[in-house]
Amino acid sequence: DPTPTEVITEMKRVADWQLAHPTKWKVTEWHQAPFYLGLFNLQQVSGEAKYMDALKGFGEACQWGPGPIVTHADDHAVLQSFLEVGVQEKDQAKIAKVAGHFPKILAALKDKPAGSIAGGSFTWCWCDALYMSPPVWVQLSNITGDPGYRDWAIREWWTTTDQLYDPQHCLYYRDNRFFPKLTETGKKVFWSRGNGWVVGGLVHVLNYLPADHPDRSRFLGLYHDMMFALLKLQHADGLWRSSLLECDGPNGESSGTAFFTYAMAWGLNRGLLPADTFRPAVLKGWRALCGNIQPTGMLGFVQRVDDGPA
């Protein structure tokens, strides 16, 4: 098993390379959100201020606010890490920047009809949106004590699930364009990274959802079903394939694998998954990811920006 020091060393190698090679995307773009949360958490476990300093630099560059499109989950994703900084520093101004965006969303969606029996607007009409937006509003309810943010996010989560979740495979279609599509071998198309963002959002919602909340057991049931489904799709080399049901394909991919390994480790650490079954999968995933780190520190074998398997 890797030691904590070995884990942190690998995390720092990848973070340091990324900080030295900034992306072309704007600081509020969704592409940045997992990296920002990674920087926040790396600072927590390493104690090194430079990672928090870097995150603060990104936050200050956009005045700790979202991107410009009011209802679009893409522009909410970075708010997760901004809230974490606001809570840690007890900075109400940063929290207020996030809270102040919420009434604009409700106003923009007020005339949109219900998208399913769950009653939400289906504004999150692609599965990766479930990482981008719901944890922001569930977390904000915790911070402010106002359940309205959480109630809205939960309603929208289950509306997206009504529309895009396949109960046979316990996976999400990326969006409704993929319903009729099949792989070359005749299987349904479920995108690795898209479902990775779903499970990332799922564990973050569970992080912030009160223990006695009536929907908690439903979220835990979804988590359980997805973890067991994904477990069966991991390749012997530890990596998941870009198209999940093509699990015997030759090329593994890092970004989906990173999210699945993270979500399984999250459940193991909370006693929610059987260790005998999932610990080997987590360690295989971790070793495979470390094997994809290039000598420079760049994490390789990551699918480029896209909206489906490639």
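Predicted model: local features only at pLDDT ≥ 70, side-chain atom pairs only at ≥ 80, totals over all residues.
A crossing is left-handed if the near helix is turned anticlockwise from the far one by less than a right angle, and right-handed if clockwise.

**Exercise 1. Work out how helix H6 and helix H9 are arranged, and which residues make their contact.**

Step 1: find the helices. H6 covers residues 102-109 and H9 covers residues 147-164.

Step 2: get the geometry. The two axes come within 12 Å and cross at roughly 45°.

Step 3: name the arrangement. Angles under 35 degrees count as roughly parallel and those from 65 to 115 as roughly perpendicular, with oblique for what is left over. That makes H6 oblique to H9.

Step 4: H6 and H9 cross in the left-handed sense.

Step 5: look at who touches whom. On the H6 side you'll find Phe102, Ile105, Leu106 and Leu109, and they meet Gly148, Tyr149 and Trp152 of H9. Sorted by class, this contact has 6 nonpolar residues, 1 polar and no charged ones.

**Exercise 2. Is H2 roughly parallel or roughly antiparallel to H3? Describe the contact too.**

Step 1: locate the pair. H2 runs over residues 33-46, and H3 over residues 49-61.

Step 2: read off the packing. The angle is about 150°, and the axes are 8 Å apart.

Step 3: apply the cut-off. Angles over 145 degrees count as roughly antiparallel, so H2 is roughly antiparallel to H3.

Step 4: check the crossing. For H2 and H3 it's left-handed.

Step 5: list the partners. H2 brings Phe35, Tyr36, Leu39, Phe40, Leu42, Gln43, Gln44 and Ser46, while H3 brings Tyr51, Met52, Ala54, Leu55 and Phe58. The contact of H2 with H3 splits into 10 nonpolar residues, 3 polar and no charged ones.

**Exercise 3. How many disulfides does the structure hold? Then follow up on Cys125 and Cys247.**

Step 1: the count is 0 disulfides.

Step 2: With 36% relative accessibility, Cys125 counts as partly exposed.

Step 3: Cys247 is buried, its relative accessible area being 18%.

Step 4: have a look at Cys170 itself. You'll find Cys170 in the loop between strand E1 (165-166) and strand E2 (171-172). Cys170 has a phi near 55°, a positive value in a residue other than glycine. Its relative accessible area is 15%, so Cys170 is buried.

**Exercise 4. Buried or exposed? Sort Gln139, Lys90 and Ser217.**

Step 1: the cut-offs are under 20% relative accessible area for buried and over 50% for exposed.

Step 2: Gln139 is in helix H8 (residues 134-144). Its relative accessibility is 3%, so Gln139 counts as buried. Leaving aside residues up to four places away in sequence, Gln139 touches Gln80, Leu83, Glu84 and Tyr208.

Step 3: Lys90 is in the loop between helix H4 (79-89) and helix H5 (92-99). At 70%, Lys90 counts as exposed. Phi of Lys90 is near 55°, again a positive value in a residue other than glycine.

Step 4: Ser217 belongs to helix H11 (residues 216-231). At 56%, Ser217 counts as exposed. Leu273 is 56 residues from Ser217 along the chain, and their C-alpha atoms are separated by 15 Å.

How values were computed:
Residues numbered from 1 in each chain as written. Heavy atoms only, no water. Helix = DSSP H or I, 4+ residues; strand = E, 2+ residues; numbered from the N terminus. Buried < 20%, exposed > 50% of the residue type's maximum accessible area, 1.4 Å probe, protein only. Disulfide = S-S within 2.5 Å. Axes fitted to C-alpha atoms, helices over the stretch in contact; angles between N-to-C directions. Contact = heavy atoms within 4.5 Å. Nonpolar A, V, L, I, M, F, W, Y, C, P; charged D, E, K, R; others polar.
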